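This report describes one protein chain for a reader who is new to structures. Please look at the sequence and the structure before reading on.

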Amino acid sequence: MKHIELAKIEDIDLIMNIIKACTAHMIENGIFQWNDKYPTKQSFIDDINNDDLFVLKVDSKIIGCACASFDMDEFYETIVWDSQCKKSVYVHRLAVHPSNQGRGHARFFLDFIEDYARKNGCGSVRLDTFSMNKKNNSMYLKLGYKKLGKIYFRDQSDMPFNCYEKLL
């Protein structure tokens, strides 16, 4: 059985194991989206403390996580968003353990986040992904997200990250 729930601080080691596995998997595949500088354990601790981090469980085992926050980070200020609503959900650090990828778990997570956004009066879901991550970029487009611009994270890569939005 698959379900999503808020992460707890005692989940942090399992979450970091998933992040390390995802980082290594991406680097092995030439996708330099995450590295030893990002994402940090402290980012996930902050997400948990803010009730923004969710975990995906299959048969009570954590296999993925995602931050769904109502706060817009300053690096998104340069993007011209389609939605003029005052409230959106921003997705960060969506990860599914490599051994569980390709089974629709990311889509399940995004469906949950979109529903969560609607229930909280949001007009859209916004996110970014590394421009060289063809799998993610393709998935977001297939799920109805619109690419609206690019941002740069120098600690992560010299290549841009594509910003997406889905109106609800």
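This is a predicted model: local features need pLDDT of at least 70, side-chain atom pairs count only at pLDDT 80 or more; totals for chains, interfaces and linings use all residues.

Seven strands make up an open sheet, and their order is E1-E2-E3-E4-E5-E7-E6. The pairing in this sheet is mixed. Strands of a sheet pair through backbone hydrogen bonds, either parallel or antiparallel. Which strands stand at the edges? They are strand E1 (2-6) and strand E6 (146-151). Each of these has a single partner strand, so one side of each has no neighbour in the sheet. From one strand to the next, the twist averages 30°.

Helix H1 (residues 12-28) lies across strand E2 (53-58), strand E3 (61-69) and E4. H1 runs at about 90° to E3.

**Strand E5 and its partners**

Seven of the seven residues of E5 are buried, so E5 is largely enclosed by the rest of the structure. E4 and E5 run parallel and are joined by four bridges. Between E4 and E5 the chain passes through H3, and this β-α-β crossover is right-handed. E5 and E7, in contrast, run antiparallel, with seven bridges joining them.

| Residue | Residue opposite |
|---|---|
| Ser88 | Ser124 in E5 |
| Val91 | Leu127 in E5 |
| Phe130 | Phe161 in E7 |

Is Glu114 buried or exposed? Glu114 counts as buried because its relative accessibility is 4%, and buried means under 20%. This residue belongs to helix H3. Leaving aside residues up to four places away in sequence, Glu114 touches Val125, Tyr145, Lys166 and Leu168.

**Helix H4**

Helix H4 covers residues 134-142, and Asn136, Asn137 and Tyr140 are buried in it. Why do these residues lie on the same side of H4? They cover an arc of only 100° around the axis, and this puts them on the same side.

What do the buried residues of H4 pack against? They pack against strand E4 (88-96), helix H3 (105-119), strand E5 (124-130) and strand E7 (161-167). Just after H4 comes Gly144, which takes a positive phi of about 95°.

**The cysteines**

How many disulfides does a search of the whole structure find? The search finds zero. Cys22 is in no disulfide, and the nearest cysteine sulfur, that of Cys65, is 7.6 Å away. A disulfide needs two cysteine sulfur atoms within 2.5 Å. For Cys67, the closest cysteine sulfur is also in Cys65, at 9.3 Å, and this is too far for a bond.

Two of these cysteines can also be described by their accessibility. Cys22 is buried, its relative accessible area being 5%. Cys67 counts as buried because its relative accessibility is 2%.

**In brief**

The structure has zero disulfides.

Note on methods: Residues are numbered from 1 along each chain as its sequence is written. Side-chain values use heavy atoms; hydrogens and water are left out. Buried means under 20% relative accessible area, exposed over 50%, partly exposed in between (1.4 Å probe, protein chains only). Helices (H or I, at least four residues) and strands (E, at least two) are DSSP runs, numbered from the N terminus. The arc is that of the directions from the helix axis to the C-beta atoms. Contact means heavy atoms within 4.5 Å. Two strands pair if DSSP finds at least two bridges between them. A crossover is right-handed if, with the strands pointing away from the viewer, the path from the first strand over the helix to the second runs clockwise. Axes are lines fitted to C-alpha atoms, for helices over the stretch in contact, and angles run from 0 to 180 degrees between N-to-C directions.
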